[in-house]
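Start with the structure itself.

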Amino acid sequence: MTHVRGLVCRECGRGVPQGPVHVCEHCFGPLEVDYDYAAIRAVLTRDRIAAGPPSIWRYQDLLPLDGEPLVGRHVGMTPLVRARNLGDAWGLRELYLKNDGVCHPTCSFKDRVVSVAVSKAREFGLDTVACASTGNLANSVAAHAAEAGLPAFVFIPVGLETGKVMGTLVYGPVVFAVEGTYDDVNRLCSELADRHAWAFVNVNLRPYYAEGSKTVGYEIAEQLGWRAPAHVVVPCAGGALLTKIRKAFAELAALGLADDRLPRMHAAQAAGCGPIVTMIRDGASTLVPVRPRTVAKSLAIGNPADGYYAAQAVRESGGWAAHATDEEILEAMELLARTEGIFSETAGGVTLAATRKLLAEGRIGRDEPVVVCITGNGLKTVEALEGRLAEPMHVGASLSAVEAILPELQAITTR
């Protein structure tokens, strides 16, 4: 049974019926899903959630489908890793990593939002899936379209990492590499969405798509024993992930499923593309778009659709924001791999480097529980580390050849 009443405008509050629409026709504000929370409270309990599948669909009462999901039945429930080694290195008592770099099936948090959006597309009778993407979304749309047996049109900016391009092409979609930035791609897709009855997951289906991000927050709370951490650090591209994680904690508290304390939300962006962080740190009321110049291509959105709302969510929570330079991003990726055995894509390097700065600024207390969101797998962005890592040691295929160099290696590893 669905608990969705329709859509509602974030700005003017007008309600509209469900449909593949994302903008209010009265004030041009963004639309979001309107739930009947009284009905949800009447049925949803921790026991009901625990009895559900080990995926995002254990929270189906809080997601915008009218029926059962068409795709993505194994998406979500990724590990919340207690990062003891990295926590010790930073002097943090309780550090956790929400690792969506191992999310099924394409190793990023985008699998959460796409599984919701593609399932909703079929409920609306749409038979073609599409998206504008910086890489991870392209992978996920192509994979879920393949699972659903639907054609897919994927639009990406030229110059994406090889792993992300190949990780899209393998599923058989039509891929358009557009000359320009992601913002140029997004504008093109908005125009196409007006002309063609396609399910653009992050355009005309955006209200439903974005709701999938809430499941990151639900899982964190459940994995912590139905309590909220003091801080959550989130990488920001379009900004929706941060706003929806905050919404998830607020929903759980309002429904009596988790404690009333809400976490402080912290935004992380690359210095070469950080309009949301700049807005927060400058205390500005408007977001100034930028032209991206960063190694973190998955976060390279210069004019983020939810940027204003992400900044608002950070401020309301009492959180803060930090930039990370390209060098800091790469150093953080290497540090995470060496201390916790987790290979994150460049976005994870952004989030970790920003966390370190927030600690140094005193914005995060060292005795408070902190969750850092790792949103994608490092195998997607291996180019970023080229020339930074040691080369394999060439050795003969004999015991004596290996033992001849062991004293030197032992001296190096014990320094």
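Predicted model: local features only at pLDDT ≥ 70, side-chain atom pairs only at ≥ 80, totals over all residues.

How many Å apart do the axes of helix α9 and α10 come, and at what angle do they cross? They come within 7 Å and cross at roughly 50°. That makes α9 oblique to α10.

Residues are numbered from 1 along each chain as its sequence is written, and side-chain values use heavy atoms, without hydrogens and water.

**Helix pairs**

Helices are DSSP runs (H or I, at least four residues), numbered from the N terminus. Axes are lines fitted to C-alpha atoms over the stretch in contact, with angles from 0 to 180 degrees between N-to-C directions. Contact means heavy atoms within 4.5 Å.

| Pair | Axes come within | Crossing angle |
|---|---|---|
| α9 (214-223) and α10 | 7 Å | roughly 50° |
| α5 (136-148) and α6 (162-169) | 8 Å | roughly 15° |

On the α9 side, the contact includes V216, Y218 and I220. On the α10 side, L241, I245 and F249 are among the residues. The contact divides into 9 nonpolar, 1 polar and 4 charged residues. Here Ala, Val, Leu, Ile, Met, Phe, Trp, Tyr, Cys and Pro count as nonpolar, Asp, Glu, Lys and Arg as charged, and the others, Gly among them, as polar.

α5 and α6 are roughly parallel to each other. Their crossing is left-handed (anticlockwise). N136, A138, N139 and A142 in α5 meet K164, G167 and T168 in α6. This contact has 2 nonpolar, 4 polar and 1 charged residues.

A cavity is a set of points on a 1 Å grid where a 1.4 Å probe fits but cannot get out; a pocket is an open set with protein on both sides within 12 Å along at least five of seven lines; lining residues have an atom within 4 Å of a point. Volume is the space filled by probe spheres set on the points.

The search finds 1 cavity of 30 Å³ or more. The largest cavity holds about 40 Å³. V216 and L241 are among its lining residues.

The second largest pocket has a volume of about 300 Å³. T243, R246, K247, A313 and E316 are the closest of its 13 lining residues to its centre. α10 gives the largest share, 6 residues.

How values were computed: Helix = DSSP H or I, 4+ residues; strand = E, 2+ residues; numbered from the N terminus. Parallel < 35°, antiparallel > 145°, perpendicular 65-115°, else oblique.
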